[in-house]
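Here is a short report to read alongside the structure. Keep the view open as you go, and look up each residue as it comes up.

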Amino acid sequence: MIIASKKPIEEIIQEVKDYKRLLILGCNECVTVCEAGGKKEVEVLASALRMHFIKEGEEKKIDERTLERQCDHEYLEEIRDVVDQYDAILSLACGVGVQFTAEKYHSTPLLPGVNTCFLGANEQRGMWTERCQACGSCVLARTGGICPISRCAKRVMNGPCGGSGRGKCEINKELDCAWQLIIDRLRDLGRLDDYEIVAPIKDWSTERSGGPRKVVREDVQV
Amino acid sequence: MSLRTLEELKASGELKTSSRLEAILKMGHLAVTSECGPPRGSDPKAVTEKAALIKNHVDAINTTDNQTAVTRMCSLAACIHVKQMGLEPVLQMVTRDRNRIALQSDLLGAASFDINTMLCLSGDHQSFGDCKQGQNVHDIDSMQLIQTVRRMRDDGKFLGGDDIKRPPKIFVGAAANPFADPFEIRVPRLAKKIACGAEFIQTQCIYNLDKFEEWMRRVRERGLHEKVFIMAGMTPMKSAGMAKYMKNRVPGMDVPDEVIARLSGVPKEKQAQEGIDMCVEAIQRLKEVEGVAGFHIMAIEWEEKVPEIVERTGLYPRPQI
């Protein structure tokens with residue numbers, strides 16, 4: 001899923017301070033699971049902002065709403081009849097949701113309430129870690145199911161680099177060396193000989209380098 | 001291995017480039033290289049003065065490429081300064097800062113100055129350097145850079161498939177760290193670099209001689225020492241403090257406690273000499289190891305000590321070609 005983290009409240013206050021009527025818009029998908037922008041976080045943030053502005057002696061209308069998804073036309077339509085009541089929407093969805101909402105409600109300022117971080121997993125309670133950089137051309141079949149692009153600090157395709165020590169990465173002793181994990185897994189799978197297959201130079205045109213991407217599925221189009 | 005003359009080599013067609021390092025290694029001499037870290041400024045003297053200190057005692061001089069990810073004069077410009085002194089530079093290139101367009105372009109630039117020896121590296125992560133907030137590139141990795149150079153040289157082709165007019169004739173090296181983890185793949189990793197086209201290797205600094213010899217034993221077991229020239233990396237310690245720093249702070253470094261203990265066992269003012277002595281002893285021991293084809297002496301900001309090390313280890317005078 002998409003992992004996001006809450007923006008500092010000070011930054012949010014700076015962004016919203018000039019708007020009298022604010023809708024805080026949560027999303028019930030990834031940001032709910034990673035506890036950054038779901039219904040609960042909308043409530044907490046709304047309360048914090050109300051308290052702040054009351055203390056400052058400022059009158060503001062701060063409402064809450066959480067949609068099933070902000071990356072879907074259908075659910076975004078649910079706020080069409082109320083959107084004119086607000087001077088701005090503070091979206092706690094990922095960057096996709098913020099933009100999709102902005103596209104839908106062209107004349108309403110849209111502000112992000114979270115930082116969108118990466119594609120990751122809930123490794124343990126309160127900790128999410130990166131697993132994928134959406135390169136658009138998956139190599140996991142060749143790397144023991146562990147991604148060197150998202151998990152190696154140098155995205156080395158034929159690793160490990162010389163900085164791998166005691167199974168950890170040179171940039172941070174807490175961080176597993178992706179290539180150590182790959183080698184361990186290849187060994188456990190009885191496929192360590194595969195290590196010597198040289199990974200070819202990667203075609204990066206399917207990742208960010210190739211420009212904004214699009215997936216078209218004619219078979220499911222209506 | 002018996003020595004061969006340059007004429008014999010040329011006649012046999014074994015020389016792929018006009019690299020002096022290639023010739024010396026293929027003639028069967030123990031080669032000696034050293035390195036020159038370019039300055040954090042634009043004064044060419046910072047390169048040429050260092051090179052002048054070692055020029056009679058080494059066969060080629062590596063110029064490092066923004067080592068430890070700290071911004072410096074570029075490796076290629078430093079190579080040109082070395083070349084213009086009539087010496088043999090080794091162009092170090094990391095894949096951290098340049099994509100495949102820039103790397104291929106710089107290779108052509110290097111070849112246009114008849115810089116004909118290079119070392120392919122991935123480079124330290126930028127978080128170690130002075131631009132921690134910068135991006136890294138890593139469009140290709142160090143092995144793929146080796147492949148790129150060989151393709152450009154041997155096939156006369158760019159990565160994109162087009163022909164190169166006057167392909168770069170470059171003798172290609174790679175680094176190997178016998179001490180990094182996991183140890184079990186250190187030799188397979190070397191094999192992989194050879195498969196990509198590496199012709200010589202300069203190793204990480206060796207302090208754990210036993211572990212290096214074990215690595216070399218495994219290298220010989222697979223016959224890899226006959227496919228690539230392995231130059232043992234040596235860096236003399238200036239002090240016990242430096243040894244501790246290398247042990248604890250430098251990625252991929254293996255400094256045994258005995259090394260620190262021996263340096264700590266002599267008074268501070270004599271530690272530098274002790275470090276030189278230890279380096280000399282290590283080279284003397286490793287000269288006897290089958291498959292060691294030479295030494296890469298990285299005396300960091302201590303280039304003036306290279307002549308002493310080379311002379312005391314019987315590696316002087318250098319062969320003339």
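## Domains of chain A

In this predicted model, chain A is split into two domains: domain 1 covers 2–118, and domain 2 covers 133–202.

## Where the chains meet

Chain A and chain B touch each other, with chain A giving 23 residues to the contact and chain B giving 26 residues. On the side of chain A that touches chain B, 11 residues are nonpolar, seven are polar and five are charged.

## Cis peptide bonds

Two spots are worth a look if you enjoy backbone details. In chain A, the peptide bond running from A:G159 to A:P160 is cis, and its omega is near 0 degrees. To find A:P160, go to the loop between α6 (148–151) and β8 (168–169) of chain A.

In chain B, B:Y316 and B:P317 are joined by a cis peptide bond, with omega about 0 degrees. B:P317 sits in the segment that follows α12 (306–312) of chain B.

## Positive phi values

A:A134 is not a glycine, yet its phi is positive, near 50 degrees. This residue belongs to the loop between β7 (127–132) and α6 of chain A. Is A:A134 buried or partly exposed? A:A134 has 13 other C-beta atoms within 10 Å, so it counts as partly exposed.

A:R155 also has a positive phi, about 35 degrees, and is likewise not a glycine. Look for A:R155 in the loop between α6 and β8 of chain A. A residue counts as buried when 20 or more other C-beta atoms lie within 10 Å of its own. A:R155 has 22 C-beta neighbours inside 10 Å, and therefore it is buried.

Key:
Residues are numbered from 1 along each chain as its sequence is written. Chains are lettered from A and ligands numbered from 1 in the order in which they are written. This is a predicted model: local features need pLDDT of at least 70, side-chain atom pairs count only at pLDDT 80 or more; totals for chains, interfaces and linings use all residues. Domain bounds come from an automatic or database domain assignment. Two residues are in contact if their C-beta atoms, placed from the backbone, lie within 7 Å. Ala, Val, Leu, Ile, Met, Phe, Trp, Tyr, Cys and Pro count as nonpolar, Asp, Glu, Lys and Arg as charged, and the others, Gly among them, as polar. Helices (H or I, at least four residues) and strands (E, at least two) are DSSP runs, numbered from the N terminus. A residue is buried if 20 or more other C-beta atoms lie within 10 Å of its own, exposed if 12 or fewer, and partly exposed in between; C-beta atoms are placed from the backbone.
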